[in-house]
2 protein chains.
Amino acid sequence: MNITAPRGFQVASLHCGIKPEKDDLMLLFSQTPASVAGLFTTNKVKAPPVRYSREKVKGGIARAVIVNSGNANACTGAQGFQDAREMASLTAEALKVPEAQVLVASTGVIGHPLPMDKVRSGILRLPEALGKDGARAALAITTTDAFPKTAGVRFGPYTVGGMAKGAGMIHPNMATTLCFLTTDAPVSPLDLQQALRTAIDLSFNSISVDGDTSTNDCALVLANGAAGGKVDLSELTEALTTVASSLARQVVQDGEGATRLVEITVEGAASDAEAKQAAYCVASSLLVKTMVHGGEPNWGRVLAALGRAGVEMEEERTSLSFGGVTIVQQGVFVSGTWEAAASAMQQKEVQIGCHLGLGEGRARVLTCDLNEAYVRLNGSYLS
Amino acid sequence: MNITAPRGFQVASLHCGIKPEKDDLMLLFSQTPASVAGLFTTNKVKAPPVRYSREKVKGGIARAVIVNSGNANACTGAQGFQDAREMASLTAEALKVPEAQVLVASTGVIGHPLPMDKVRSGILRLPEALGKDGARAALAITTTDAFPKTAGVRFGPYTVGGMAKGAGMIHPNMATTLCFLTTDAPVSPLDLQQALRTAIDLSFNSISVDGDTSTNDCALVLANGAAGGKVDLSELTEALTTVASSLARQVVQDGEGATRLVEITVEGAASDAEAKQAAYCVASSLLVKTMVHGGEPNWGRVLAALGRAGVEMEEERTSLSFGGVTIVQQGVFVSGTWEAAASAMQQKEVQIGCHLGLGEGRARVLTCDLNEAYVRLNGSYLS
């Protein structure tokens with residue numbers, strides 16, 4: 001399933017010339033006015049399309065989202081704002097919908113003005129290309145991604161669909177993360193915003209360091225109510241969370257050069273917030289990430305990361321496990337466990353469990369390994 | 001000059017068998033009781049030698065420091081404490097000095113008990129090896145270092161000497177940083193502690209993220225007053241800062257796999273503290289570090305790092321320069337500067353200047369590039 005699975009949504013994508021060959025322009029269209037909600041980067045440097053869409057989302061109603069890849073339209077000054085606005089107004093005109101109901105997103109290199117002549121002629125050709133090819137649309141918003149990300153789920157008479165892009169070391173600070181969701185459930189903009197916040201906190205905000213966001217990060221959801229009836233908000237929230245979690249996991253799996261997926265669980269922390277902070281600190285440690293790449297259970301690196309996470313912890317109360325093998329108990333190596341832990345570390349999916357032995361706080365964060373390919377990719381990628 | 005340059009200090013080093021071949025045991029000895037001061041890791045996980053020496057430094061007087069490399073004696077439980085204490089007591093006995101005046105430091109792999117039989121027989125052989133070979137002693141405390149670090153400076157009748165080890169991506173959280181300083185100036189333990197704090201803040205604490213420390217980080221200074229007279233504390237502080245800064249710079253140059261040294265300057269911040277926070281954020285960004293490796297002036301990555309640094313900043317007020325070439329002014333690319341900035345980025349030493357245009361706050365942080373060699377080294381190094 002993908003973003004066009006819910007009733008009343010269409011997409012179009014094409015190559016307008018920002019990238020050398022691949023599709024670089026994508027339109028998401030709701031056949032009727034839809035409730036809209038959005039979450040945007042907390043980076044102080046916000047790209048013009050982010051600032052533009054953040055304003056428009058406040059209106060609560062949207063008909064379309066116009067997205068380009070290959071150029072982030074970030075750090076582009078006054079021209080960048082003018083270009084973002086023009087993308088919206090041209091799309092509105094082409095679709096014959098109110099300009100205020102069109103949102104804009106961009107991803108790609110920073111600091112280069114959009115080639116607006118190409119974008120303009122591309123937008124004019126989009127409406128006639130509208131259809132149900134959500135897979136192709138998901139590909140059109142990618143940049144360094146190794147594969148497009150789509151997901152969907154049905155619940156009762158309703159459907160949630162979505163697409164995402166992002167591959168930058170899985171932290172949204174490392175590259176743009178875009179996430180677009182659709183549903184045919186009927187819901188007010190206010191309720192939709194609340195549901196989106198929960199879904200993103202449990203998905204994309206569990207693969208990233210809080211506040212560590214790029215200039216262009218953005219998650220949008222459109223709900224057009226085409227399936228009618230009355231939806232239970234908690235069921236909708238759960239469905240949005242399911243789809244967002246699948247997309248977030250795909251982004252981690254696509255971490256630039258990633259060869260292993262790592263699930264870091266922290267339990268027994270003083271609070272959930274401290275557990276999340278500790279899990280993030282482990283997930284962000286270069287020594288932990290390179291250790292995962294090497295496939296050795298060098299548990300000292302995990303313990304050292306927990307020790308500098310800024311949360312309550314005591315070495316003597318801390319236990320660690322790799323792939324379910326308890327390798328450290330009360331701060332000390334459990335002899336005879338190295339081989340089993342090493343074998344767990346050499347799987348495609350690696351579980352690192354940390355128990356602080358202090359309270360009931362718990363959290364889970366997904367990350368990936370750090371390897372030579374990441375350095376190669378980012379040593380030359382112009383972004 | 002090195003750690004034996006000041007009068008009245010001797011060193012000895014030898015191979016006791018912790019490492020396969022290289023020297024792995026080092027003794028620093030003051031021929032008379034010396035004032036001592038120390039700074040230790042803020043990591044909640046502190047290795048036994050760190051806890052031991054932190055207590056002993058409070059006595060204010062020291063005669064010797066015994067150091068082993070190849071094994072950090074960290075996360076080693078009760079046995080680890082016993083071993084750290086035994087290293088001190090054996091050294092005290094061999095040198096015929098009070099046990100409370102011997103400090104201990106260890107660096108190397110985490111989580112393995114020290115091979116105490118080898119350490120014991122090594123310590124017994126150290127006193128007869130005492131001499132002035134500070135260069136060899138500096139080599140004996142290294143682990144993944146590509147080269148030993150020594151420095152020294154004379155001021156008036158006095159001398160400061162020192163050695164350091166560390167190469168772990170230059171952040172003390174990435175590997176142990178050890179720094180030992182000596183001087184023949186006469187100074188009280190209290191004044192010495194204050195001077196050391198200033199010297200380390202301006203050197204080792206300007207190459208690391210605050211609080212991002214390893215289990216074993218430690219800086220010690222011994223002042224034996226052998227040159228007599230009365231020293232000006234600010235002159236001593238300046239001399240200690242000079243030596244510590246040289247050592248810290250050598251640690252950055254030795255960043256695991258580093259090919260370029262990067263000096264990040266932030267000016268115009270709301271305060272010095274915010275400037276330091278912003279400079280650290282840029283220095284820690286994987287995208288900035290890989291950009292430096294690639295040698296391209298992808299200034300958007302620097303701007304995005306500043307935007308998520310958690311400090312006051314406005315894109316429209318921010319200027320950036322690479323090697324003195326102003327590539328961004330008021331948040332926008334200055335056309336025609338790319339080639340010159342690119343050429344500046346391809347030097348061995350790269351300057352990244354950030355001006356936030358807000359206040360008088362300024363800071364400087366040293367870092368290095370991130371490249372494939374780092375990943376290779378840390379993917380397999382057992383620590």
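1. In this predicted model, α7(B) passes α9(B) in a right-handed crossing. On the α7(B) side the contact is made by B:A278, B:C281 and B:V282; on the α9(B) side the residues are B:V302, B:A305 and B:L306. Sorted by class, this contact has 6 nonpolar residues, with no polar and no charged ones.

2. The geometry of the pair is as follows. Helix α7 of chain B covers residues 272-284, and helix α9 of chain B covers residues 299-307. Their axes come within 8 Å and cross at roughly 135°. Angles over 145 degrees would count as roughly antiparallel and those from 65 to 115 as roughly perpendicular; α7(B) and α9(B) are therefore oblique to each other.

3. Turning to chain A, its secondary structure comprises 11 helices and 14 strands. The radius of gyration of chain A is 22 Å, close to the 21 Å given by the globule rule for 383 residues, so the chain is as compact as a globular protein of that length.

4. The C-alpha trace of chain A spans about 70 × 50 × 30 Å along its principal axes. Of the 383 residues in chain A, 63% are buried.

Conventions: Residues numbered from 1 in each chain as written. Chains lettered and ligands numbered in written order. Predicted model: local features only at pLDDT ≥ 70, side-chain atom pairs only at ≥ 80, totals over all residues. Axes fitted to C-alpha atoms, helices over the stretch in contact; angles between N-to-C directions. Helix = DSSP H or I, 4+ residues; strand = E, 2+ residues; numbered from the N terminus. Parallel < 35°, antiparallel > 145°, perpendicular 65-115°, else oblique. Left-handed = near helix turned anticlockwise from the far one by under 90°. Contact = placed C-beta atoms within 7 Å. Nonpolar A, V, L, I, M, F, W, Y, C, P; charged D, E, K, R; others polar. Rg over C-alpha atoms; globule rule 2.2 N^0.38 Å. Buried ≥ 20, exposed ≤ 12 C-beta atoms within 10 Å, placed from the backbone.
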